[in-house]
Amino acid sequence: MITTKLSLKSKIALGIVLALTIFLWAVPTSFFGIEGLTPTMQRTLAIFVFTALMWIIEVIPTWTTSVVSMVIMLLTISNKGLGFMMYDGAGTYVDYKSIMAAFADPVIMLFLGGFVLAIAASKVGLDVTLAKVLLKPFGKNPKMVLLGFLFIIGIFSMFMSNTATAAMMLTFLAPVLATLPQDEKGKVGLALAIPIAANLGGMGTPIGTPPNAIALGALQNAGIEVTFIDWMIRMVPYVVIMLLLAWVLLMFMFPFKTKSIELKIEGTSNAPKLHKTIVSITFALTIILWMGEAIFKVSANIVALIPFAVFTATGVFSKDDLKEIDW
């Protein structure tokens, strides 16, 4: 993994590999003296050299090099890559599905990206930090706390597994429920808010729950292109309305007697500060690319692999973490 613990020899070797790769990538195609060489061919050659050398020197694990190389190919030589990499005269682009075929169906990659983001966020404590920040504005009024739980769980479930979100929020809520009086009906509403919001929020994005991605894949196979933001534009308003209805219904069925509820969200992570920064930036960048699919011209399936490549290359995500993915 790429960390500050790399030996001087490994750092020099990595620098040489990157310098050679950038050189092969950036020089004019005429430098190679190969007739008919196109920019896409040149990029492929540079990626091949990078991959081969990284496998040989093993600065990062060999399987990580494979993931990183595949993501680079998807972004730079596939027909669904970065918009500025695709221009007239660049050569023939490779069908992104054929590159992914060595791994899995593109829809499975969309699942993988969501799972990897959720695991990494939990590993470095980003989920706890976000919960603290997002729930704070709702104060101590029981009705507002209930509303806060519904909306925060709904938001988390748009980008994390429903089950993982429910388990995390139950951890936060359990101590609160224990302090409420036995005859407090409101705590039933608070408890029910978790599964209700997790299921409703999961409909908001293509990665919110597996059936969404399956439906998205079926639409793509039928020739109907639905981008990440297209899905959100149609579904997020529906989710918001349903969450508000759930709030009203829960308050009606399980009214609060308690006048004040204080949430104490505990949770720390021993992850290095660098890892927290990497996950935070990558999480934000991934969501931006998903939502800006029409602008950046990168398929949501390809974007889903970016956090996988970044986290494995930087050591945030280890081979043991792969076992936590809920295939």
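Helices here are DSSP runs of H or I with at least four residues, strands are runs of E with at least two, and both are numbered from the N terminus. The model is predicted, so local features need pLDDT of at least 70 and side-chain atom pairs count only at pLDDT 80 or more, while totals for chains, interfaces and linings use all residues. Residues are numbered from 1 along each chain as its sequence is written, and side-chain values use heavy atoms, with hydrogens and water left out.

**Exercise 1. Describe the chain as a whole.**

Task: State how many helices and strands the protein chain has, and what share of its residues is buried.

Solution. 
- Start with secondary structure. The protein chain has 15 helices and 0 strands.
- Next, the extent. The C-alpha atoms fill a box of roughly 80 × 50 × 30 Å along the principal axes.
- Now burial. Buried means under 20% relative accessible area, exposed means over 50%, and partly exposed is in between (1.4 Å probe, protein chains only). Of the 327 residues, 50% count as buried.
- Finish with contacts, meaning heavy atoms within 4.5 Å. Take the contacts with a separation of 6 or more: residues 24 or more positions apart account for 72% of them.

**Exercise 2. Trace the surroundings of Thr-40.**

Task: Decide whether Thr-40 is buried or exposed, and list what it touches.

Solution. 
- Locate it. Thr-40 belongs to helix H2 (residues 39-57).
- Classify it. Thr-40 has a relative accessible area of 4%, so it is buried.
- List the contacts. Beyond four places in sequence, Thr-40 touches Ile-77, Ala-90, Gly-91, Thr-92 and Tyr-93.
- Look at one partner by distance. A polar atom of the Thr-40 side chain lies 3.4 Å from the backbone oxygen of Thr-92.
- Move to another partner. Gly-91 lies in the loop between H3 and H4. Its relative accessible area is 31%, so Gly-91 is partly exposed.
- Check from the Gly-91 side. Not counting residues up to four places away, Gly-91 touches Thr-38 and Thr-40.

**Exercise 3. Find the nonpolar cores.**

Solution. 
- Define the term. A nonpolar core is a set of buried Ala, Val, Leu, Ile, Met, Phe, Trp, Tyr and Cys residues joined through side-chain atoms within 4.5 Å.
- The largest core has 97 residues; Leu-146, Met-169, Leu-190, Trp-290, Leu-305 and Phe-311 touch the most other members.
- Another core, of 6 residues, lies apart from it and includes Leu-24, Leu-37, Ala-46 and Val-49.

**Exercise 4. Follow helix H15.**

Task: Work out why H15 is largely enclosed by the rest of the structure.

Solution. 
- Count first. Helix H15 (residues 305-313) has 9 residues and 8 of them are buried, so the rest of the structure largely encloses it.
- Name some. Buried residues of H15 include Leu-305, Phe-308 and Phe-311.
- Find the neighbours. The buried residues of H15 pack against helix H3 (62-76), helix H4 (96-100), H5, helix H12 (273-291) and helix H14 (300-303).
- Step past the end. Gly-315 follows H15 and has a positive phi, near 85°.
- His-275 is found in helix H12, and its contacts beyond four places in sequence are Val-124, Thr-314, Gly-315 and Val-316.

Notes. A polar contact is a pair of N or O atoms within 3.5 Å; within protein, one must be able to donate a hydrogen and the other to accept it, and residues adjacent in sequence count only if both atoms are side-chain atoms.
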